[in-house]
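Please read this briefing alongside the sequence and the 3D view.

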Number of protein chains: 2
Amino acid sequence: MQSRSPTGRAGRAGRPRSAAADTAILAATRAALVELGWSKLTLGDVAARAGVAKTTLYRRWPGKNELVVDAVAELFDELELPDRGSLAADIEGVVRQFAAILERPEARSGLMAVVAEATRDDALRARIRALIVDRQKRLVREGRARAQRRGELPAERDARQAARVVDLIFDMVAGAVVHRTLVSAEAADEDWARGFTRVLLCGLFDTGAPGDR
Amino acid sequence: MQSRSPTGRAGRAGRPRSAAADTAILAATRAALVELGWSKLTLGDVAARAGVAKTTLYRRWPGKNELVVDAVAELFDELELPDRGSLAADIEGVVRQFAAILERPEARSGLMAVVAEATRDDALRARIRALIVDRQKRLVREGRARAQRRGELPAERDARQAARVVDLIFDMVAGAVVHRTLVSAEAADEDWARGFTRVLLCGLFDTGAPGDR
DNA sequence: CAGCTTTCGCTACGAGACGTAGCGTAATAC
DNA sequence: GTATTACGCTACGTCTCGTAGCGAAAGCTG
């Protein structure tokens, strides 16, 4: 887990960058996202909230996009995958955690906005992948390995196939929760998580009654 | 299918609004999205491209958000659901169509941006639901009815349960394709659509060989 | 046809955010 | 102690925003 803040290069001569300023700026960014949202958030305002000069902010981040990515990425690091005994329970748990993060206004407006910007900015897209997407894929990999240990899921043929499946599951889980929460704009509550998990594990063809409802 | 353009109120006295200006403005908006993307798109630029005055544009749309929603919504009306004989084939087909639209830059940057803005703007969220989400849910409903006619899927108990399932499927399909295309930033090609459809229909527990890769 | 109503294009404007430059000062490494 | 870098502050030109005001154009209405 390397530091991803702009204050990374040590060993140089001269006055080192204030690490406290980093955390203050990122916290101020999240606070501004809550109060103002993405479009009305200005770097001058963030600097004022953080108690630093605007120029200091520009020395560390190229612009608004990168700053918000860093600020939002920290939110998703809270995700965990406690062992609940079954694959279904594990999935429901992580879905609920993910949904809880997306309830927070600083995540809602920030995440979608930077993804939108990333459609025209390769460097920004790489930053999102590195700090958010790839970091959280660990959850899928761990849950899958756990299920295979339990005998719930078969092992893959080869590593490439395994990576493909992990990517697919990640897109399905994250995509569905994000779409439900932000586009359909309805809560991904326990009922929804249960229905989603059922379809993900058993498929639409499954007409079973157990755990029905 | 009612007109959703700002030029809707007929029967009034005085000079009617130019319908040609509406289409010119929406086309200019999409063109500007392609060249500039969301963040650098300005209403002055759109007005110039469309050959209308900036004030005319402001008389018809409240702002950038609403304009882009209307411009992007027209893209998704192209979606169709030709009968391919089986539920799996139908899903793969609509996934590929949806992915094809999301390949276009005017859809990529525009869609995510307005969704981001909608997280803090109830009216905008309602506009997106009316013009994009609810309009395209017809695809899920039709595909589901078709599959039930074929005997591939059982009928629901009641209407409320049916609506819930439609919502869930819509979030899963649209969410997964959007996430794959815009967040993971990889193509939702035929291979991916096949794997996705298989999981959606049969679930992760299914270890079957038939049609395997 | 005359008259009324509404839209249109144009110009201009104050407000606000952007991103940068320059300066003197503060804090650390060597 | 000295070199080096970060910091806070101020100021600036540039751009976009959204609105106001005007005269002219284009239809409905009787």
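How do the residues of the surface near DNA strand C divide into nonpolar, polar and charged? They divide into 8 nonpolar, 10 polar and 7 charged, where Ala, Val, Leu, Ile, Met, Phe, Trp, Tyr, Cys and Pro count as nonpolar, Asp, Glu, Lys and Arg as charged, and the others, Gly among them, as polar. This is a predicted model, in which local features need pLDDT of at least 70 and side-chain atom pairs count only at pLDDT 80 or more, while totals for chains, interfaces and linings use all residues. Residues are numbered from 1 along each chain as its sequence is written, and chains are lettered from A and ligands numbered from 1 in the order in which they are written.

**The DNA strands**

- DNA strand C is surrounded by 25 residues, of which A:R15, A:T42, B:G14, B:R15 and B:T55 are the closest; a residue is near a strand if its C-beta atom, placed from the backbone, lies within 6 Å of it.
- For the surface near DNA strand C, at least two residues each come from α2 (43-50) and α3 of chain A and from α3 of chain B, with helices being DSSP runs of H or I of at least four residues, numbered from the N terminus.
- Around DNA strand D there are 24 residues, and A:G14, A:R15, A:T55, B:R15 and B:T42 come nearest.
- The surface near DNA strand D draws at least two residues each from α3 (54-60) of chain A and from α2 (43-50) and α3 (54-60) of chain B, and its residues comprise 8 nonpolar, 9 polar and 7 charged.

**The contact between chains A and B**

- Chain A and chain B each bring 41 residues to their contact, two residues being in contact if their C-beta atoms, placed from the backbone, lie within 7 Å.
- On the side of chain A that touches chain B, two or more residues come from each of α1 (19-40), α6 (105-118), α7 (122-150), α8 (159-183) and α9 (190-202), and α8(A) gives the most, with 12 residues.
- That side of chain A consists of 23 nonpolar, 10 polar and 8 charged residues.
- Beyond its neighbours within four places in sequence, A:V115 is in contact with A:I128, B:M112, B:L182 and B:V183.

**The domains of chain A**

- Chain A is divided into domain 1 (19-60) and domain 2 (72-202), with bounds that come from an automatic or database domain assignment.
- The centres of these two domains, taken over C-alpha atoms, are separated by 28 Å.
- In chain A, 6 residues of domain 1 are in contact with 6 residues of domain 2, and the domain 1 side has 4 nonpolar, 1 polar and 1 charged residues.
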